[in-house]
Amino acid sequence: MIENKKKPNPIDIHVGSRIRLRRTMLGMSQEKLGESLGITFQQIQKYEKGTNRVGASRLQNISNILNVPVSFFFEDAPGENSGTAGGMETSSSNYVVDFLSSSEGLQLNRAFVKISDPKVRRKVVELVKALAAEADAD
């Protein structure tokens with residue numbers, strides 16, 4: 001017998017994953033986002049998994065709270081034209097999303113944005129490049 005369980009739409013899953021990405025980049029809990037929206041953290045979990053679809057007005061509120069344009073949630077969405085999006089290869093932009101979704105990526109991003117001196121930022125980038133080059137040489 002064929003199971004008739006409804007599976008989440010790939011766009012809903014993608015939008016939910018982008019909500020989670022941005023929320024975690026800001027270090028915000030599901031509970032805090034839910035409180036800001038007047039809903040439970042369980043509802044946020046359902047949005048992030050794509051189990052529940054996010055309505056247009058709610059997505060607008062989420063974009064305001066997370067300080068991103070609504071279009072952020074649709075970047076690299078399934079079904080978009082493959083190839084380049086905004087001048088970047090889709091695979092390279094997915095790499096960035098994967099990196100920023102990782103624990104190390106989040107930690108590095110949060111620490112880096114706290115550095116206000118542009119010279120220090122450049123030195124950090126040079127250090128990381130030097131370490132990467134050294135790892136490639138091994």
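## Helix H1

Helices are DSSP runs of H or I with at least four residues, strands are runs of E with at least two, and both are numbered from the N terminus.

This is a predicted model, so local features need pLDDT of at least 70, side-chain atom pairs count only at pLDDT 80 or more, and totals for chains, interfaces and linings use all residues. Residues are numbered from 1 along each chain as its sequence is written, and side-chain values use heavy atoms, with hydrogens and water left out.

At the start of H1, Asn 9 puts a side-chain oxygen within 2.7 Å of the backbone nitrogen of Ile 11. Just past the helix, Gly 27 has a positive phi of about 70°.

The buried residues of H1 include Val 15, Ile 19, Leu 21 and Met 25, but also Asp 12, Arg 18, Arg 22 and Arg 23. Buried means under 20% relative accessible area, exposed over 50%, and partly exposed in between (1.4 Å probe, protein chains only).

Asn 67 isn't a glycine, yet its phi is positive, near 60°. Asp 76, also not a glycine, has a positive phi of about 60°.

Buried or exposed: which is Asn 67? Asn 67 is exposed, at 63% relative accessible area. Asp 76, at 19%, is buried.

Conventions:
A polar contact is a pair of N or O atoms within 3.5 Å; within protein, one must be able to donate a hydrogen and the other to accept it, and residues adjacent in sequence count only if both atoms are side-chain atoms.
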